[in-house]
Amino acid sequence: MKKFFSTIRNIFTIEDLRVRILNTVGFLIIFRLGSFVVLPGIDPSKLDDNVGGILGILDAMLGGAFSNASIFGLGIMPYISASIVIQLLTMAVPYFQKLQKEGDSGRKKINQITRVLTIAITFAQGSAYLAGAIPAEAIVLENKFLFTLSSLTILTAGTIFCMWLGERITDKGIGNGISMLIMIGIISRFPGSLMQEAMTRGMNEALFFLLEILALFFVVMAVVLLTQAVRRIPVQYAKQVVGNKVYGGQRQYIPLKVNSAGVMPIIFAQSLMFLPSMVGSYFADSSDVMQYIATTFANFQSWEYNLTFAIMIMLFTFFYTAISVNPNQIADDMKRNGGFIPGVKPGRATSEFIDTVLTRVTFPGSLFLAFVAIMPAFAQMAGVNTNFAQFFGGTSLLIMVGVILDTLQQIESYLLMRHYEGMMKSGKLKGRSQNIAVA
């Protein structure tokens, strides 16, 4: 405990770090306050707080702003959707590939295109949100056109403001601004869900509640291991004599993450998992098979739904890893810098070796990612409250763990840079200096 308070004191001793932490807290408070400001023309007492399905997951990420019909009702999600689209275009369209190679000027153009696309996506999602998520009895304005126009404008402005807050946190705070906004939205629901679960169990089921907390602890530890796990490939650099100095000759490493895809496979799979129930519902009257599909895939606890969900996550994990990690480029960069993997020939053999290792580490990573994704369903089957079960896995838990670890790494780097002891004396945060090959 003494070590903990000593670390906190060291953190606030560094003026730059202290200012950044306070700035981050201030921006997050503004974001949370905006989540409770309801759109003009809506009676909040007639809104439905129990949002299920994909909308429930979205509401959890936005900290209740979605169900509250607030000015931040769409939050930062349209910007994330636009970023994903641009990222995929960067990998497939030559024009965007060219922009990516142009350095800062190309990056500025890509950011500008992303922001314009964010506005378009916000208008599209905002229209669907106003039409499907807000009950007609909650709208108090008689002029529906005026309400829709004003609400779309406010929702778009709210999304742009959230995007600006994220950029301010990145520039003036401790980094990861966009991810930080999502994380704070998720964490804000945790105390209420925990309290609701505790009150539901009561004294008669206190032991079961303690077992739930213990299970949650082990799940979080497992997700931390998944997020941090890497397979290090040793790289030897040849010695180079430049003038009177000798460069290279040291061994470094290429870190291949067990989960290189992050939460993207879950997001992609979750988006597609609603298609079978929608198609089945549309043709339910004409076929018993379609009616069975609609009923089965509308139940998130059915084994058919979870098995299909897990398989799709595994497939998307391999797909996203393949397009985000390029073994050929890594091998070419190593060869250009005079590096080689001991026992492997440079060039094509190196590329094939990296691809083989990447495939071998991605397979168990995809299995564990699929298991984490369907853990909330198992938690609900065990009798855990729906809101509390979301913290047993899925996108919410992965985002929370990833952002918290990144934040700890940022703080760790500040402490080590000022010659303070790190946050964890025996920990292995990736913020600590390591010999890692830049490929």
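Predicted model: local features only at pLDDT ≥ 70, side-chain atom pairs only at ≥ 80, totals over all residues.

Is Y237 buried or exposed? I looked it up: Y237 is buried, because its relative accessible area is 12%, and buried means under 20%, exposed over 50%, partly exposed in between (1.4 Å probe, protein chains only).

Residues are numbered from 1 along each chain as its sequence is written, and side-chain values use heavy atoms, with hydrogens and water left out.

Next, the overall picture. I found 18 helices and five strands in the chain; these are DSSP runs numbered from the N terminus, helices being H or I with at least four residues and strands E with at least two. Of its 439 residues, 42% count as buried. The accessible surface is about 23500 Å², and 63% of that belongs to carbon and sulfur atoms (Shrake-Rupley method, 1.4 Å probe; for residues, only the protein chains shown count as cover).

Back to Y237, which sits in strand β1. Which residue stands opposite Y237 in β5? It's G339. Strands β1 and β5 (residues 339-340) run antiparallel, joined by two bridges; strands pair if DSSP finds at least two bridges between them. I also checked β1 (residues 230-237) against β4 (residues 251-257): seven bridges, antiparallel again. There, V230 has K257 as its bridge partner.

Then I went inside. The largest nonpolar core has 82 residues, and I134 and F309 have the most contacts within it. (A nonpolar core is a set of buried Ala, Val, Leu, Ile, Met, Phe, Trp, Tyr and Cys residues joined through side-chain atoms within 4.5 Å.) Helix α18 (residues 394-417) gives this core its largest share, ten residues. Another core lies apart from it, with 14 residues, including I233 and V344.

Last, the outside. L207, L210, L211, L214, F217, F218 and M221 make a nonpolar surface patch with about 740 Å² of accessible area together. Patch residues have over 30% relative accessible area and no salt bridge; like charges are joined within 9 Å, nonpolar side chains (Val, Leu, Ile, Met, Phe, Trp, Tyr) within 5 Å. A salt bridge is a side-chain nitrogen of Lys or Arg within 4 Å of a carboxyl oxygen of Asp or Glu. M221 lies in helix α10 (residues 206-228), and M221 counts as partly exposed because its relative accessibility is 37%.
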